[in-house]
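Good morning, everyone. Please have a look at the model on the screen, and then we will go through it together, part by part.

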Amino acid sequence: MKFIVFVLVIFTSTFVCAEPLFPQHESCTAGKDKASGCGVILDEGGFLVDGSTGDKISIVSENTGMMSSNWLYRYSGKYVLEHLDFTSSKARQWVVFSYIDKKIIIDRVYSFSQEISAQSVPAWYGYECRGSGGELVNDKNLAFSESVIATICGDAVNGSLRLKKEAFPSMGVTLAISIPVYSSKKIAGAATYLFFDTNKPEVFQMACYFNCALQSQDRKKIYVGRISSSAWFVSQVNENGCQSSGGYKYKKSQEQIVFSGCVEKDAMNLVEYLPGTNSERAQFSGKADGEGYKGEWVSKSGDNKRFGFFMYPLTVY
């Protein structure tokens, strides 16, 4: 039985420029794009192979047909195996894992599909399964992605979960959805994700709103946000209480604006500086909103400018 994903709210505000905003992923798919420097490669036969030795990691090839495709990407230190279906369901699945000492360490699986209602409005269904950091033991009768799902999802995804519909408080989001989460083959609540510049679930344009369990090896987090009604930015923050630091870059600019200050569980207060100086240019002052922040950006340049802002962590970690 499919899990319904509640579309919390869809706004018409979208990006109007073609410049890439999100961190870019690297291809590790042989024969479709460059796959240099990848520890794992998806070969032309649909098998995962070791990038240095060419030895097969998966025993059964991934399912590929006339109406679907598989791609492997490297994204911020992890690998993402993508399966896209081009039938009416528009099913899409991402298996996220690490390859350490020639071992597959499972991180999680995101799975979505779509149905069209009588009113021709798409309804998204899906689930997320989270690993516990253990090594994958391949089932010789299953493809790699099927082995991962069997290991961390099991048969739990054949059940059902009714989610409470909630109003989403921030503007500028193209799509906001909530999906059930499974851990150790059991229901473990729900998570809410935000999608920007896309009207369908897209892992490379996905930010966290609630209960996403993003894990980083250090204190760095990458956020996507907006100041005013159109100033989109991506920010990297080294979170360390009132010794936090980092910077951000607007979509239309290559300039990296640096800041420092306090980032705490319930609030943030960051001061940004003029390039190459210690002169304060503006201040972010916000309160926690889900796993991100929203508040006010105030200019310190004497022009009395102040705008609302929000920022949420990307699922890049």
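Which pattern do the disulfides of the protein follow, with bonded cysteines counted along the chain? They follow the pattern 1-2, 3-4, 5-6, 7-8, where a disulfide is taken as a pair of cysteine sulfur atoms within 2.5 Å, and by this rule the count comes to 4 disulfides.

Before I go on, a word on the source. This is a predicted model, in which local features need pLDDT of at least 70 and side-chain atom pairs count only at pLDDT 80 or more, while totals for chains, interfaces and linings use all residues. Residues are numbered from 1 along each chain as its sequence is written, and side-chain values use heavy atoms, with hydrogens and water left out.

Let me begin with the overall picture. The protein has 1 helix and 20 strands, where helices (H or I, at least four residues) and strands (E, at least two) are DSSP runs, numbered from the N terminus. Of its 317 residues, 49% count as buried; here buried means under 20% relative accessible area, exposed means over 50%, and partly exposed lies in between, with a 1.4 Å probe and protein chains only. If we take contacts, that is, heavy atoms within 4.5 Å, between residues at least 6 apart in sequence, then 47% of them join residues at least 24 apart. The accessible surface comes to about 15700 Å², and 50% of that belongs to carbon and sulfur atoms; these areas come from the Shrake-Rupley method with a 1.4 Å probe, and for residues only the protein chains shown count as cover.

Now back to the disulfides, one after another. Cysteine 28 and cysteine 38 form a disulfide with their sulfur atoms 2.1 Å apart, and the torsion about their S-S bond is about -80°, so this disulfide is left-handed. Both cysteine 28 and cysteine 38 lie in the loop between strand 2 (26-27) and strand 3 (40-42), so the pair ties together parts that are 10 residues apart in sequence. Cysteine 28 is buried, with a relative accessible area of 0%, and cysteine 38 also counts as buried, at 6%.

Cysteine 208 and cysteine 212 form another disulfide, with the sulfur atoms 2.2 Å apart, and with 95° about the S-S bond this link is right-handed. Cysteine 208 is buried at 0% relative accessible area, and cysteine 212 is buried at 0% as well.

A disulfide also joins cysteine 242 to cysteine 262, with an S to S distance of 2.0 Å. Cysteine 242 lies in strand 15 (residues 241-250) and cysteine 262 in strand 16 (residues 257-263), so the pair ties together parts that are 20 residues apart in sequence. This link is right-handed, with 110° about the S-S bond, and cysteine 242 counts as partly exposed, at 48% relative accessibility.

Next, the inside of the protein. A nonpolar core is a set of buried Ala, Val, Leu, Ile, Met, Phe, Trp, Tyr and Cys residues joined through side-chain atoms within 4.5 Å. Which residues touch the most other members of the largest nonpolar core? Of its 27 residues, they are Val40, Leu48, Leu72, Tyr79, Phe97, Phe144 and Val148. Helix 1 gives the most to this core, with 4 residues. In helix 1 (residues 144-152), Phe144, Ser145, Ser147, Val148, Ile149 and Ile152 are buried, and the helix is followed by glycine 154, whose phi is positive, near 60°. Tyrosine 79, not counting residues up to four places away in sequence, touches several residues, including Cys28, Cys38, Val40, Leu72 and Phe97, so please keep the pair of cysteine 28 and cysteine 38, with its torsion of about -80°, in view here.

Is glutamate 128 buried or exposed? At 0% relative accessibility, glutamate 128 counts as buried, and its place is in strand 9. Leaving aside neighbours within four places in sequence, glutamate 128 is in contact with a set of residues that includes Arg108, Tyr110, Tyr182, Tyr193 and Cys212. The C-alpha atoms of glutamate 128 and tyrosine 182, which are 54 residues apart along the chain, are separated by 6.2 Å.

Lastly, phenylalanine 86 sits in the loop between strand 6 (78-85) and strand 7 (92-100), and at 47% relative accessibility phenylalanine 86 counts as partly exposed.
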